[in-house]
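Open the model in your viewer and keep the selection tool at hand.

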Amino acid sequence: MQSDTIVIEVGAEKKKYTLHKEVLLHYPGYFRGALSGRFKETDDGIIALWDVDFDAFDVFVDFIYDKKLPDCVYAPWPLNAPIVSVKIRAYTLAERLIVPSLKHALTDMIFQSYRSLKAWPMSSVIIHLFANLPETDPMLQFMVDSFCVHDGVGRMNARSIEMADQFPQDFLVRMLLKLNKLSKSTTNDNNLKREDYDVREYGNETLRN
């Protein structure tokens with residue numbers, strides 16, 4: 001913790017974070033590139049992430065220093081909240097910054113929560129994830145599977161129905177394929193399995209970090 005520090009400005013409010021370069025360089029993705037001098041963001045000694053919500057960035061900071069998820073991601077989120085929950089936004093931020101160990105930890109937590117509560121993703125969550133993740137990300141398929149297995153269509157509230165016309169085509173296609181598979185299955189395919197939704201490793205960072 002005696003290493004040099006870097007200032008990162010986050011969100012429209014440009015909230016400033018002073019973080020240790022050595023900690024950031026442990027992760028082979030975004031910050032390693034930024035701190036190598038290849039990005040213009042560091043010309044003035046500041047990395048700007050003005051399009052990132054600072055509460056999601058707080059989750060990232062807590063995780064890289066403490067190696068565990070902060071309490072805020074476990075807090076209940078109102079169904080009609082105007083923005084997507086912090087755990088979901090932290091997941092898409094982890095994809096953007098290329099931090100698979102954070103994605104893995106969040107996947108564990110999200111999976112356990114959805115399975116134990118028989119929950120399904122709200123329309124806003126579906127739209128957010130499909131807009132911000134690559135099509136190969138396993139979280140997308142988990143959202144589709146939990147939506148189908150837990151009767152997301154039949155349990156949609158008024159707000160979710162209003163937003164349904166914004167569903168990505170990829171989600172709708174996957175949903176139809178999953179529902180078709182469930183309708184024809186003679187086995188118990190409605191049991192979601194955590195190992196079906198593992199994130200991949202990147203660079204030198206392992207999922208044990």
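How much space lies in the second largest pocket? About 210 Å³. This is a predicted model, where local features need pLDDT of at least 70, side-chain atom pairs count only at pLDDT 80 or more, and totals for chains, interfaces and linings use all residues. Residues are numbered from 1 along each chain as its sequence is written, and side-chain values use heavy atoms, without hydrogens and water.

A pocket is an open set of points on a 1 Å grid where a 1.4 Å probe fits, with protein on both sides within 12 Å along at least five of seven lines. Its volume is the space filled by probe spheres set on the points.

Select the lining next: D51, V52, D53, A56, R89, T92, L93, R96, H128 and N132. Lining residues have an atom within 4 Å of a point. Colour them by type: 3 are nonpolar, 3 polar and 4 charged. Here Asp, Glu, Lys and Arg count as charged, Ala, Val, Leu, Ile, Met, Phe, Trp, Tyr, Cys and Pro as nonpolar, the others as polar.

Now show α4 (86-97) and α6 (123-132), which each supply at least two lining residues. The largest share, 4 residues, comes from α4. Helices are DSSP runs of H or I, at least four residues, numbered from the N terminus.

Move on to I98, in the loop between α4 and α5 (100-117). Its phi is near 60°, a positive value in a residue other than glycine. I98 is partly exposed, at 28% relative accessible area (between buried, under 20%, and exposed, over 50%; 1.4 Å probe, protein chains only).

Last stop: D151, in the loop between α7 (138-149) and α8 (158-163). Phi of D151 is also positive, near 55°. D151 is partly exposed, at 43%.
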